[in-house]
Amino acid sequence: MRIILLGPPGSGKGTQAIRLSRDYDLPHISTGDMLREAVSGKDRMAQKIKEIMESGALVPDEIIFSILEKRLKKEDTRKGFVLDGFPRNLEQARELDKILGDAGDFVVFDLVVGEDTVVRRLSKRRVCKKCRVNYHLEFQPPKIGGKCDECGFSLYQRDDDKPEAIKNRLKVYNKESRPLAEYYKERGSLISINAELDEEQVFASIREKLEK
Ligand code: AP5
């Protein structure tokens, strides 16, 4: 089962990907998480990528392709995967077909939310440094302030969850990523999901579509 999650920043791709990955025993492949791991180094390339991400722009395709191709060739992806944050533009969608060779047999969920919801969700998001689980100070607060319920590690606010970066990420999404829905719709793989609903309801509607 190959699942792609599309949707603007803050639509819940990461949250739903973690749940899908657990329930269906599929690897969760998040290019955002892979990049955040890659930029923990101090070299110039790492610093450059960090700056791009903090601004809300897209990291150049060649960098993404090289990290993704390696990941998709690992043994555990044979049974399928959940892709979160990739593809991000039409070039990446075409490259994904090339990497997989057999021209992708995907289920693509488009998580549809309005911009007000995006801002509300991202400005109060907190993330676990270790296991990367997402929290929200209002909608999904941790049981103990500032600590992850799952592993007890500290939670942090992402640098790109600041107001200016959120604005830019939405602009980039509208220009670069929105056309992907049409691309997959034409291939008959797209399923739109109302992602304004709460986390449980969104997951229930994804599950229902998958079981069909
Ligand atoms: P990435 O990490 O992929 O960020 P994103 O796509 O902007 O998405 P987010 O992680 O912000 O949001 P999400 O949709 O996963 O929502 P979440 O579940 O966290 O990318 C970061 C950067 O890396 C990019 O800007 C770019 O620079 C670079 N990059 C990554 N991939 C790239 C690529 N392929 N090409 C080029 N560059 C790339 O939820 C958000 C919040 O809402 C959380 O607090 C959560 O608890 C809460 N929440 C979730 N669902 C609900 C709900 N239903 N109701 C209420 N609250 C909810």
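1. Let's start at the ligand: Arg121 places a polar side-chain atom 3.4 Å from one of the ligand's nitrogen atoms. That falls under polar contacts, meaning a pair of N or O atoms within 3.5 Å; within protein, one must be able to donate a hydrogen and the other to accept it, and residues adjacent in sequence count only if both atoms are side-chain atoms. Please keep in mind that this is a predicted model, where local features need pLDDT of at least 70 and side-chain atom pairs count only at pLDDT 80 or more, while totals for chains, interfaces and linings use all residues. Residues are numbered from 1 along each chain as its sequence is written, and side-chain values use heavy atoms, with hydrogens and water left out.

2. The side chain of Thr31 has an N or O atom 2.8 Å from a nitrogen atom of the ligand, and Leu197 brings a backbone N or O atom to 2.9 Å from a ligand nitrogen. Of the 1,000 Å² of accessible area that the ligand has on its own, the protein covers 96% (Shrake-Rupley method, 1.4 Å probe; for residues, only the protein chains shown count as cover).

3. Around the ligand sit 36 residues, the closest being Thr15, Ala57, Arg125, Tyr135 and Arg169 (near means a heavy atom within 4 Å). Helix 2 contributes the most to this shell, with four residues (helices are DSSP runs of H or I, at least four residues, numbered from the N terminus).

4. One more residue to look at is Glu115, in helix 6. A polar contact of 3.2 Å links its side chain to that of Asn174.

Methods:
Helices (H or I, at least four residues) and strands (E, at least two) are DSSP runs, numbered from the N terminus.
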